[in-house]
Amino acid sequence: MDTLRPFPKLPATPREFGFYIDGAWHAGREMFERASPGHGVAVSRIPRCTSDDLNAAVVAARNAFEDRRWAGISGAARAAVLLRAAEILKRRRSEIAYWESLENGKPISQAMGEIDHSIACFEIGAGAARMLHGDSFNSLGDDLFGMVLREPIGVVGLITPWNFPFLILCERVPFILASGCTLVVKPSEVTSATTLLLAEVLEEAGLPKGVYNVITGSGRSIGQALTEHPDVDMLSFTGSTAVGRSCVHASADSNFKKLGLELGGKNPIIVFADADLEDAADAAAFGISFNTGQCCVSSSRLIVERSVAAEFEALLAAKMAKIRVGDPLDPDTQVGAITTDAQNQVILGYIAKGQAEGAKIAIGGTVKDLGHGQYIQPTLFTGVTPEMAIARDEIFGPVLCSMPFDTVEEAIALANDTVYGLAASLWTKSIDKALTVTRRVRAGRFWVNCIMAGGPEMPLGGFKQSGWGREAGKYGVEEYTQIKSVHIETGKRNHWIA
Ligand code: NAD
């Protein structure tokens, strides 16, 4: 596996990317520039695709699906392509991590870890391609046999956000490909580079032309047009709840395309007095600071048993004070830059609002000035009450709100007091409390005495307004299939007409 040493400098000039349709690269007629949020320096130039480009991409994906160049080959042959892609990613790991860090602002060491996780997604996807199967019914009587076929759903539109551009892409693409579907991807306009680099990887791995297509541009124009496209069979959208809602309207108003939605979260981390408080504090610091809190599964609501609340908050604040916020390209950095100017303003706005609402800052609450880029110190608010905006809204930044509880019932009620249901983390040594809370808190991913653990074998997705459907693993592949019931009669038919 390659490594990124010595760590590279910023590119001397912004790299110009094309977009990718039907196995061919196209130059953009109009381009937009992306500046590295950690440095404020232009690093990439990305095409602003038109609706004609989108239509061409959908036609390419449709042709590649209908002529069965991908769906019609064996699962083993699809798996071979996915495994080759995993090997190529191992070779290009540092290069892809570099572009991810540059455009997103995340620490390079973290980006490298995300490429490793993405490689695992391709390996698991390869296994899933071989294991995907239907069912049979041998219980319909001797003269009727039933088969349930799993078929790829067709052309998939994939819209991804800027917080984990490559990881979220790879938590979906191998599973979409494993199912036999073809796709058109629209990455976030601020982090398109690595989605385009994946096209190079898949081409070298031997993916047939037209199976993976990438168009770039703004969400409001080209993204919206993809959600409305009448020849797209399914849309997998990851991003904000507001845009998720507009995807539902677009599906209803176009062709009722199936939707997979991975949306926002306001995730609880529940700490009981009997927990290992040192471990829980380390996890809470990580859970809110990882990816600068710009993470759908960030644990942004600390729900802590009142008898240890003051002790735990002090322990946590001491740990958060030691977090290394710095240049994303520095290998020692733990927390990098805020990805967009707009998000920076949103986070600072919530920090001001929390104080105005009467909550107290135990640590952080300030920007970190490196002389370039935009950085915010991980922040802990204490004295938070459940009706405060900082306790209710998804801030999508390194801002943690602490709220005390007295009973198990109260902890469950506080954890469920949100429109979201994406993830939850729970800290206790009691098996009773662990099982009771895990069963009663409504969230799609649960971590007991751990946080953000697991791999692409396990499904991901949300309850309530956090989304529809599941991605990754066996469940993820099945989302991209539809089921056909086949009835086969044996022997002579009992005639209807005498
Ligand atoms: P966003 O919804 O603004 O954008 C996401 C993607 O949708 C981008 O590619 C964007 O260009 C596109 N888009 C924007 N407007 C669109 C429209 N009208 N029609 C179609 N596409 C459109 O979200 P973001 O700011 O990129 O990401 C942050 C949000 O994403 C947060 O709310 C976060 O919780 C959520 N998120 C969820 C998950 C998850 O797995 N549940 C993962 C990452 C991010």
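This is a predicted model: local features need pLDDT of at least 70, side-chain atom pairs count only at pLDDT 80 or more; totals for chains, interfaces and linings use all residues.

Biologist: How are helix H3 and helix H7 oriented to each other?

Modeller: The axes of H3, residues 93-104, and H7, residues 193-205, come within 9 Å and cross at roughly 160 degrees. Angles over 145 degrees count as roughly antiparallel, and therefore the relation of H3 to H7 is roughly antiparallel.

Biologist: Which residues make that contact, and how many of the residues in the contact of H3 with H7 are charged?

Modeller: On the H3 side the contact is made by Glu-95, Ile-96, Trp-99, Glu-100 and Glu-103, while H7 brings Ala-193, Thr-194, Leu-197 and Val-201. Sorted by class, the contact of H3 with H7 has five nonpolar residues and one polar residue, and the number of charged residues is three.

Biologist: What is the relation of H2 to H7, in terms of their angle?

Modeller: The axes of H2 and H7 come within 8 Å and cross at roughly 125 degrees, and H2 passes H7 in a right-handed crossing. An angle of 65 to 115 degrees would count as roughly perpendicular and one over 145 degrees as roughly antiparallel. H2 and H7 therefore fall into the remaining class, which is oblique.

Biologist: How many nonpolar residues are there in the contact of H2 with H7?

Modeller: From H2 the contact takes in Val-81, Arg-84, Ala-85, Ile-88, Leu-89 and Arg-91, and from H7 it takes in Leu-198, Val-201, Leu-202, Glu-204 and Ala-205. Of the residues in this contact of H2 with H7, three are charged and none is polar, and the number that are nonpolar is eight.

Biologist: Which strands stand at the edges of the open sheet of three strands?

Modeller: The three strands follow the order S1-S5-S4, and their pairing is mixed. Each edge strand has a single partner strand, so one side of it is left without a neighbour in the sheet, and the strands in this position are S1 (15-16) and S4 (31-36).

Biologist: Which residue of S5 is the bridge partner of Arg-15?

Modeller: Strand S1 pairs with strand S5, residues 41-47, in the parallel sense over two bridges. In S5, the bridge partner of Arg-15 is Ser-44.

Biologist: What angle does the direction of H3 make with that of S5?

Modeller: H3 packs on the sheet, where it touches S1, S4 and S5. The direction of H3 makes with that of S5 an angle of about 105 degrees.

Biologist: Is Pro-174 buried or exposed?

Modeller: Pro-174 has its place in helix H6, residues 173-179. Leaving aside residues up to four places away in sequence, Pro-174 touches Leu-82, Cys-121, Phe-122, Gly-125 and Leu-169. The cut-off for a buried residue is under 20% relative accessible area, and because Pro-174 has a relative accessibility of 0%, it counts as buried.

Biologist: Where is Arg-68 found, and what is its phi?

Modeller: Most residues other than glycine have a negative phi. Arg-68, found in the loop between helix H1 (51-66) and helix H2 (75-91), is not a glycine, yet its phi is positive, near 65 degrees.

Biologist: What is the relative accessible area of Lys-464?

Modeller: Lys-464 lies in strand S21, residues 463-464, and has a positive phi of about 50 degrees although it is not a glycine. This lysine, Lys-464, is partly exposed, with a relative accessible area of 30%.

Note on methods:
Residues are numbered from 1 along each chain as its sequence is written. Side-chain values use heavy atoms; hydrogens and water are left out. Axes are lines fitted to C-alpha atoms, for helices over the stretch in contact, and angles run from 0 to 180 degrees between N-to-C directions. Helices (H or I, at least four residues) and strands (E, at least two) are DSSP runs, numbered from the N terminus. Angles under 35 degrees count as roughly parallel, over 145 as roughly antiparallel, 65 to 115 as roughly perpendicular and the rest as oblique. Contact means heavy atoms within 4.5 Å. Ala, Val, Leu, Ile, Met, Phe, Trp, Tyr, Cys and Pro count as nonpolar, Asp, Glu, Lys and Arg as charged, and the others, Gly among them, as polar. Two strands pair if DSSP finds at least two bridges between them. Buried means under 20% relative accessible area, exposed over 50%, partly exposed in between (1.4 Å probe, protein chains only). A crossing is left-handed if the near helix is turned anticlockwise from the far one by less than a right angle, and right-handed if clockwise.
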